[in-house]
Amino acid sequence: QVTLVESGGGLVEPGGSLRLSCTASGSIVTVNAMSWYRRTPGNQSELVAAHGFGGLIEYADFVKGRFTISRDSDKHTAYLEMNNLKPEDTAEYYCFGTVTYSRGDRRSADSYWGQGIQVTVSS
């Protein structure tokens, strides 16, 4: 069983910063890729940033220059550093990871969602 758990959300004023973390736990061999998505108050789901296979990184246009995604392979953790936050960044943020894990003497790979964490940008 693999789980992803996000942390680091909360309330911040416009222009402020937050750092989200997403840690994978279980019988993990390696975390192959991690992405961050968000669901806005209007219930629109959108990709924020991705740290993919081979270290390929991409960002949504609306966060370029403000957000940075990174990963710590030893800790099975991905981070989303968010700077110069705007009210329109208010959303529930989810991590999505592709993980290779062990089951006895076998290995399998699957993708998982975290439970989500709220980020609110408001004065």
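Which side chain meets R38 in a salt bridge at 3.0 Å, N to O? D89 does.

This is a predicted model: local features need pLDDT of at least 70, side-chain atom pairs count only at pLDDT 80 or more, and totals for chains, interfaces and linings use all residues. Residues are numbered from 1 along each chain as its sequence is written, and side-chain values use heavy atoms, with hydrogens and water left out.

**View A. R38 and D89 form a salt bridge.** A salt bridge places a side-chain nitrogen of Lys or Arg within 4 Å of a carboxyl oxygen of Asp or Glu. D89 sits in the loop between β8 and β9, and R38 in strand β4, so the pair ties together parts 51 residues apart in sequence. Strands are DSSP runs of E, at least two residues, numbered from the N terminus. D89 is buried, at 0% relative accessible area. Buried means under 20% and exposed over 50%, with partly exposed in between (1.4 Å probe, protein chains only).

**View B. R38 also pairs with E46.** Their closest N and O atoms are 2.7 Å apart. R38 is buried at 4% relative accessibility. E46 is buried too, at 15%.

**View C. K64 bridges to D61.** The closest N and O atoms lie 3.1 Å apart. D61 is exposed, at 63% relative accessible area. Elsewhere, salt bridges with shared partners join R38, E46, R66 and D89 into one network.

**View D. The largest nonpolar core has 30 residues.** Such a core is a set of buried Ala, Val, Leu, Ile, Met, Phe, Trp, Tyr and Cys residues joined through side-chain atoms within 4.5 Å. Those touching the most other members include W36, F67 and Y93. Strand β9 gives the most, with five residues.

Terms used. Helix = DSSP H or I, 4+ residues; strand = E, 2+ residues; numbered from the N terminus.
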